[in-house]
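I opened my notebook today to look at how one protein chain packs together. Come along and follow the entries with the model in view.

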Amino acid sequence: MEIPAWPQATERESELLRAVLDSPQWGGFHPFVTEFEGSFAAYQHCQYGISAFNGTVTLELALSVLGIGPGDEVIVPAVSFVSTATAVSRVGALPVFVDIEPYSFNIDPDRAAEAITPRTRAIIAVHFGGTPADMNSLLRLADKCGLALIEDAAHAHGSEWNGRRAGSFGICGSFSFQNGKVLCAGEGGMLVTNDRDFADKARAYVNQGRKPGESYQKHFTLGTNFRMTGFQAAVLLAQFESLPEQIARRTANAALLKILLEDRSAFVWQKQPEHVTQNSFYLLPARLQEASVSRNDFCQALNANHIPCAPFYPFPLYRNPLYQQPNACWQMPCPNAEAYVKDAFWLPHRVLLAEKEAVFEIARMVREALESAGGERTWQAGSA
Ligand SMILES: Cc1ncc(COP(=O)(O)O)c(C=O)c1O
């Protein structure tokens, strides 16, 4: 049984890369860039897509376009990849870390509400692992308090909440196409939005303050060069063709794996609210809630059997040395985040890309890993 490798390339990537190589334009003005922006934005139910060279600068871009900077506060979840917070720091604003919900792995809207001050300008919601954050509550809160809602959708290509795709709820959604993402070009990023004014400003920002239809040498606003290259767009166009089938496969395999492990109450899988109508399954996260089982030993046992499994983040973002410095952030009490770092883990998406038959074998290895990491006190029905 083999877990598929990631990233995966076919002849299609080679063909499109060759087309860029054979063209006189290798950079951000290759037509593939515009083509991918349009297709991907539409797929995420947005009118506009502004690509960039990664999904960290797209977050910085979103904050810059909104005019967020020194003196402002932005609410972020205590658990995410560091870019969610460093984007705020890099524009000179203060990240305010709030707790995540007990089992969704996503920002808790009630805790976000408690963190709002007169200086708060925005909330960044991460759709962790591909499961959308509570868009109903967060949108209501943002509207009520006059805040921008930015979706960090780096994990959520194709994910849906009530039939609407990630990135189409807030002022914008920020995507990453980094090497491990479900849609990938090694590096890459895109902001999607339905707000024309925001889109125009973002497009000007990534392209040195130029305006469409105006001279290349004329710069109207302070911008920079964040442009995605034609090579990135070529790979992304090719990868995009496989995304729907891969999401369907991961969805089926995640459901099967959970059924096969249903009797193992030690696993509390990431909660899927009824509003989630599609999940990218970038990650399959869970909490391992059995006192006698070592989470780290469990992950190591799986890795030893060539099943990739990560023991979550080692600490909430605010415990990084960067954020331990004076005045680097503000932190609300985060008991859930502190508990997750001790007992959570995730399986990466390539595990869920295996053949259906392999899922039975994966479930067997998960059981074995659980036993070798200390067993489980909860017995199967009828076996006690
Ligand atoms: C939640 C989240 N936000 C932002 C990023 C940053 O994306 P990139 O690596 O493309 O800069 C990542 C990447 O891993 C991420 O997981």
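A nonpolar core, as I use the term here, is a set of buried Ala, Val, Leu, Ile, Met, Phe, Trp, Tyr and Cys residues joined through side-chain atoms within 4.5 Å. I keep in mind that this is a predicted model.

**Entry 1: the cores.** I looked up the largest nonpolar core and found 75 residues in it. The members that touch the most others are Phe36, Phe40, Phe97, Phe177 and Phe312. I then picked Phe36 and skipped its neighbours within four places in sequence. Its remaining contacts are Ala41, Phe177, Leu183, Met190, Ala233, Leu236, Leu237 and Phe240. Another core, of 33 residues, lies apart from the largest one, and its members include Leu261, Leu288, Val351 and Val366.

**Entry 2: helix 12.** Which residues of helix 12 (residues 335-343) are buried? I noted Ala337, Tyr340, Val341 and Asp343. These buried residues pack against strand 12 (283-288), helix 10 (295-304) and strand 14 (344-348).
A reminder to myself: an α-helix has 3.6 residues a turn, so residues three or four places apart point the same way.

**Entry 3: Asn225.** I found Asn225 in the loop between helix 7 (196-206) and helix 8 (230-240). Is Asn225 buried, exposed or partly exposed? Its relative accessible area is 34%, so I wrote down partly exposed, as that label covers values between 20% and 50%. Leaving out residues up to four places away in sequence, Asn225 touches Phe53, Val206 and Gln208. A polar atom of the Asn225 side chain lies 2.9 Å from the backbone nitrogen of Arg227. I also checked Ala52, 173 residues from Asn225 along the chain, and their C-alpha atoms are 8.6 Å apart.

Methods: Residues are numbered from 1 along each chain as its sequence is written. This is a predicted model: local features need pLDDT of at least 70, side-chain atom pairs count only at pLDDT 80 or more; totals for chains, interfaces and linings use all residues. Side-chain values use heavy atoms; hydrogens and water are left out. Buried means under 20% relative accessible area, exposed over 50%, partly exposed in between (1.4 Å probe, protein chains only). Helices (H or I, at least four residues) and strands (E, at least two) are DSSP runs, numbered from the N terminus. Contact means heavy atoms within 4.5 Å. A polar contact is a pair of N or O atoms within 3.5 Å; within protein, one must be able to donate a hydrogen and the other to accept it, and residues adjacent in sequence count only if both atoms are side-chain atoms.
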